[in-house]
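Please consult the sequence and coordinates shown here while reading.

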Amino acid sequence: RQHNIKRLLAYSSIAHIGYVLAIISAVKVESAGFVSLYMAVYAFTTIGAFGVVTIMSSPYKRQGEAELVENFQGMFWQRPVLTAVLTVMLLSLAGIPLTAGFISKFFAIFATVSAQSWWLTAMIIVGSAISLYYYLNLMVTLFRRPQEVQPHDAVNHWGIQA
């Protein structure tokens with residue numbers, strides 16, 4: 001189990017590059033468009049997720065960076081705007097319906113199915129299921145009751161402070 005949020009997102013990027021390679025291996029005319037869509041969506045969601053982590057890891061604090069999942073416990077109760085942004089980004093990375101990540105993963109699966117690469121299709125689905133567990137674990141932590149003392153917080157009253 002990974003407890004470092006930056007490593008969790010980094011391992012996620014390895015999985016997403018694997019999905020892109022699965023699309024490329026389909027070698028169809030529309031694969032280039034699918035890869036472009038997937039990379040654009042992935043870049044947007046990753047920048048959003050790392051942006052929230054960066055805001056919460058203020059370099060002006062003496063406590064260091066907020067890099068453990070436990071550092072984000074109860075973030076919803078103090079920074080609901082940042083929590084909403086991180087939740088939407090994590091849902092998109094997981095490929096939950098009604099997000100851009102779902103559309104891009106749908107096209108990844110479509111590309112591998114149209115190439116009849118059943119093994120790659122299965123790997124995309126299994127990889128998405130495994131990543132969903134880690135993303136949901138992080139999201140549950142965001143909405144738990146806050147810790148007694150919040151060692152990490154956003155600077156300049158980012159979002160809404162309770």
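This is a predicted model: local features need pLDDT of at least 70, side-chain atom pairs count only at pLDDT 80 or more; totals for chains, interfaces and linings use all residues.

The crossing of α4 and α6 is left-handed. Helix α4 spans residues 80–94 and helix α6 residues 118–143; the two pack at an angle of about 165°, with their axes 9 Å apart. Because angles over 145 degrees count as roughly antiparallel, α4 is described as roughly antiparallel to α6. On the α4 side, the contact is made by T83, L86, T87, L90, L91, L93 and A94. Helix α6 contributes L132, Y135, L138, M139, L142 and F143. By class, the contact of α4 with α6 has 11 nonpolar and 2 polar residues, and no charged residues.

Helix α4 also holds S92. This serine, S92, is buried, with a relative accessible area of 7%. A polar atom of the S92 side chain lies 2.9 Å from the backbone nitrogen of G101. Leaving aside neighbours within four places in sequence, the residues in contact with S92 are V41, T45, T99, A100, G101 and F102.

Backbone torsions are considered next. Most residues other than glycine have a negative phi. L98, which is not a glycine, has a positive phi, and Q116 likewise has a positive phi although it is not a glycine. L98 lies in the loop between α4 and α5, whereas Q116 is found in the loop between α5 and α6. The table gives their values.

| Residue | Phi | Relative accessible area |
|---|---|---|
| L98 | near 75° | 89% (exposed) |
| Q116 | about 55° | 58% (exposed) |

Key: Residues are numbered from 1 along each chain as its sequence is written. Side-chain values use heavy atoms; hydrogens and water are left out. Axes are lines fitted to C-alpha atoms, for helices over the stretch in contact, and angles run from 0 to 180 degrees between N-to-C directions. Helices (H or I, at least four residues) and strands (E, at least two) are DSSP runs, numbered from the N terminus. Angles under 35 degrees count as roughly parallel, over 145 as roughly antiparallel, 65 to 115 as roughly perpendicular and the rest as oblique. A crossing is left-handed if the near helix is turned anticlockwise from the far one by less than a right angle, and right-handed if clockwise. Contact means heavy atoms within 4.5 Å. Ala, Val, Leu, Ile, Met, Phe, Trp, Tyr, Cys and Pro count as nonpolar, Asp, Glu, Lys and Arg as charged, and the others, Gly among them, as polar. Buried means under 20% relative accessible area, exposed over 50%, partly exposed in between (1.4 Å probe, protein chains only). A polar contact is a pair of N or O atoms within 3.5 Å; within protein, one must be able to donate a hydrogen and the other to accept it, and residues adjacent in sequence count only if both atoms are side-chain atoms.
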